[in-house]
Amino acid sequence: MDTSNCNISIPGFEFAPELIDAAMARRGLLSIEIELSRLCNFRCPYCYASAKGDAATELDDAQLRDVIVQAQELGARKIIVLGGEPMLHPRLFSTLEFIHERGLESEMFTNGTGISARKARLLYDLQVNVALKMNTFDRRTQDMLAGHDGAYDIIHTALRNLTEAGYPGPGLRPFLAVSTIMCSLNEHELVKLWIWLRDRNILPYFEMVTPQGNAVENDWLPLDPERNRQIFEEIRRIDRERYDQTWLPQPPLVAHRCQRHKFSCLVNAQGEVMPCVGVPIVVGNVRERRLADILADSEVVHDLRNHRQWIKGPCGQCEISEQCYGCRGAAYNLTGDYLGSDPRCWRNLDRQDEVDRLPAPVASDIPHQPPMRIVDTLLAVGERSAETLTEIRPDMPFVDAYGKLDEIMYLEIVAQSIAALNGFRERVNGNRSQGYLLGAKSFRVHGSAAVGDVLNVVVRKTAKFGDFGIINGIIRRGETVLAEGEIKVWHTNGKGDGTE
């Protein structure tokens, strides 16, 4: 597929490729998303934030400002303000003023609550780029998609006040955008809405539903991949013919490619750092460590920034994989694997059997063969961590005549669990995990296991020195902790030939 003439961009939302490459080379940032609060007056059925926050646990002013300064030191040019609903935050405007004073660009996603004529002018004076959440022209449907009676009026009052305040500004500085979720209730009017926005120089920001949060409970909302493709293609044709805009259709954003994991991250209201709202894997907390150290040490961040090396299956083999990795949020929430392929991309429709999903057997990821293979299933992966499952069987080594498992095997269970994580990550390179258990430290046994017991194991890499690592493991039977502590391992990648 020839993509040389495709300008996959919405002015204002994207950075130039050379800036992205430079940010990756220095392990820096170009933008950061900051969640001021989870408090919100809407209850959108598609919202990622199914649980509302507690104001008492949120970052205070000093902490918020420190995060902004740290992000700027890492090269960030733009601060993206999220919620909850930012307009409900009592210190929103002081935060926006701080961003403006530091010479940074600000962008705010809002449902429009409280955007009076005066506040619209304040936003304009501070050059805040505003993305207003608006899903439809229909009053009843808009209220339904906001989970709030009167949402339509709130949104349209905000839209009127913003335009009267001067939005969008000259040369789209500052810009006004409309953030729209593509779903079963508005699919018939998305093309009309797109044209209406383009004709008013308002940036359309149309996004597929991410299967998380409230959307999981409302599975009637998302469109199927083929219908998404049709809408993308129709809007693409209109953009080319009416507005001289050319771009390549790819999920999850219309006319736009999401590459935020190369140069951005999310800091939520509690200070937790994550790749984005769609990939809620906590990689650190700014209350405990510097942002630069969190990002530099994160295996998840490293993997996503180097997606061409690590993403598995059809997405990794796709003809447009240089500029697209599908929606990482959809991939993670549907497969449990942040490096998995996006099952909702229309390009993957005929290759679903090639998409890795968790839970998954570990047989292809570790070199051990029965009866020495003790760990059965990889349940979940996270930041240098994994969760596995194993059932104690009578044919396992070190099971005595009474069906009791020798407690020395707890160490092997932890070792095989971390091997499963490493092997699963290395699937894309055709490698199996190879390693040796070197010893244990402060490993405590609290109880015994026997044939028929199902054990849940959580392991985390706490330190790594070349091929040597320290692994913390906890083994449970139900709620009972049977063993916990650290082991030392040597680990390297295998050759992918199944040999030990």
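In the predicted model, helices α2 and α3 cross in a right-handed sense. The axes of α2 (residues 61-73) and α3 (residues 92-101) come within 11 Å, at a crossing angle of roughly 25°. Because angles under 35 degrees count as roughly parallel, the two helices α2 and α3 are roughly parallel to each other.

Strand β4 (residues 128-133) contains K133, which is partly exposed at 27% relative accessibility.

The structure holds 27 salt bridges. One of them joins E187 and R227, with the closest N and O atoms 2.6 Å apart. This pair links distant parts of the chain, since E187 is in the loop between β5 and α7 and R227 is in helix α9, 40 residues apart. Both ends are partly exposed, E187 at 25% relative accessibility and R227 at 27%.

A salt bridge of 3.3 Å, N to O, is formed by E322 and R308. E322 is in the loop between α13 and α14, and R308 is in helix α12. E322 is exposed, at 55% relative accessibility, whereas R308 is partly exposed, at 39%. In a further pair, D376 and R393 approach to 2.9 Å between their closest N and O atoms, and so tie together parts that are 17 residues apart in sequence. Salt bridges with shared partners also join E299, D303, R425 and K461 into one network.

On the surface, Y436, L438, F465 and F468 form a nonpolar patch with about 490 Å² of accessible area together. F468, in strand β15, is partly exposed, with a relative accessible area of 44%.

Technical notes
Residues numbered from 1 in each chain as written. Predicted model: local features only at pLDDT ≥ 70, side-chain atom pairs only at ≥ 80, totals over all residues. Heavy atoms only, no water. Patch = residues over 30% accessible without salt bridge, like charges linked within 9 Å, V, L, I, M, F, W, Y side chains within 5 Å. Areas by Shrake-Rupley, 256 points an atom, 1.4 Å probe, with all protein chains shown as cover. Salt bridge = Lys/Arg side-chain N within 4 Å of Asp/Glu carboxyl O. Helix = DSSP H or I, 4+ residues; strand = E, 2+ residues; numbered from the N terminus. Buried < 20%, exposed > 50% of the residue type's maximum accessible area, 1.4 Å probe, protein only. Axes fitted to C-alpha atoms, helices over the stretch in contact; angles between N-to-C directions. Parallel < 35°, antiparallel > 145°, perpendicular 65-115°, else oblique. Left-handed = near helix turned anticlockwise from the far one by under 90°.
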